Amino acid sequence: MPILAIDVGNSRIKWSVHDGSSWTASGALAHGAIATLATEWANLPDSCSATGSNVAGLEIAARIETVLAANGIALRWIDSQPTQLGVRNLYDDPAQLGSDRWAALIAARWICPGPCLVVTAGTAVTVDALSMEGDFLGGLIMPGLRLMQEALVRDTYRLGCDHGSHEAFPRNTADAIASGAIEAIVGAVERMLLRLRDRSDSPVKVIASGGAIGVLRPYLPADVLLMDNLVLQGLLIIAGEG
């Protein structure tokens, strides 16, 4: 049965259709363009089902449900679980973990059945640690590259808004802001990687995904595994559970 996987993030809606063998169609749009989903999903396969993750609130969820209901497609929104598909959730309140992070952890566990650091870089950046046994040990949340730079420009007197680039020793303000944001995120990844390595007997893999990962990639560990749409991969695995 074809499956429509939907990742509703903080600023964009990403989706893809899997026919049981491969991804056959996909798209992404900003929340403000949600009205175009009716057109994009007008020709979904017969007998398609939908599984989604939503961290953008009830209004966005309701609009997506309305579009799918018009096509006779039932939608299942996932929630983080205490344990699922080989991953155990050690959050203080497992239900509080974002469903997108949970889906990414599920996908990472299937891709890499060992100690693993899962990095997703979008509007926000998350850095989550999986143990050899599949325990989600915990993770970091921080502003993404754009949010970091925009906040600094907005809230600091006399800083310009020119777009800078990464430099080892920045010599202008635009480069200093851009380099600072990149170094902050990469430094957080490196520190979490050291912690996970200290408690692991096996080599730790790093899996990275998200719209901003291309900017960060040159500064991450050389053996990082880049995965497009890790959340969508996790949703597909969850949809096929059992």
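**Close-up 1. Helices H3 and H7 are roughly perpendicular to each other.** In this scheme, angles of 65 to 115 degrees count as roughly perpendicular, under 35 as roughly parallel, over 145 as roughly antiparallel, and the rest as oblique. Here H3 (residues 99–111) packs against H7 at an angle of about 80°, and their axes are 7 Å apart. Axes are lines fitted to C-alpha atoms, for helices over the stretch in contact, with angles running from 0 to 180 degrees between N-to-C directions. The contact (heavy atoms within 4.5 Å) includes Trp102 and Trp110 from H3, and Leu230 and Ile237 from H7. Its residues divide into 13 nonpolar, two polar and one charged. Ala, Val, Leu, Ile, Met, Phe, Trp, Tyr, Cys and Pro count as nonpolar, Asp, Glu, Lys and Arg as charged, and the others, Gly among them, as polar.

Before you move on, note that this is a predicted model: local features need pLDDT of at least 70, side-chain atom pairs count only at pLDDT 80 or more, and totals for chains, interfaces and linings use all residues. Residues are numbered from 1 along each chain as its sequence is written, and side-chain values use heavy atoms, leaving out hydrogens and water.

**Close-up 2. Helix H7 is mostly covered.** Helices (H or I, at least four residues) and strands (E, at least two) are DSSP runs, numbered from the N terminus. Of the ten residues in H7 (230–239), eight are buried. Buried means under 20% relative accessible area, exposed over 50%, and partly exposed in between, using a 1.4 Å probe and protein chains only. Among the buried residues are Val231, Gly234 and Ile238.

Close-up 3. Not counting residues up to four places away in sequence, Ser131 touches Arg109, Gly114, Pro115, Leu137 and Arg199. Met132 and Gly114 are 18 residues apart in sequence, and their C-alpha atoms are 4.4 Å apart in space.
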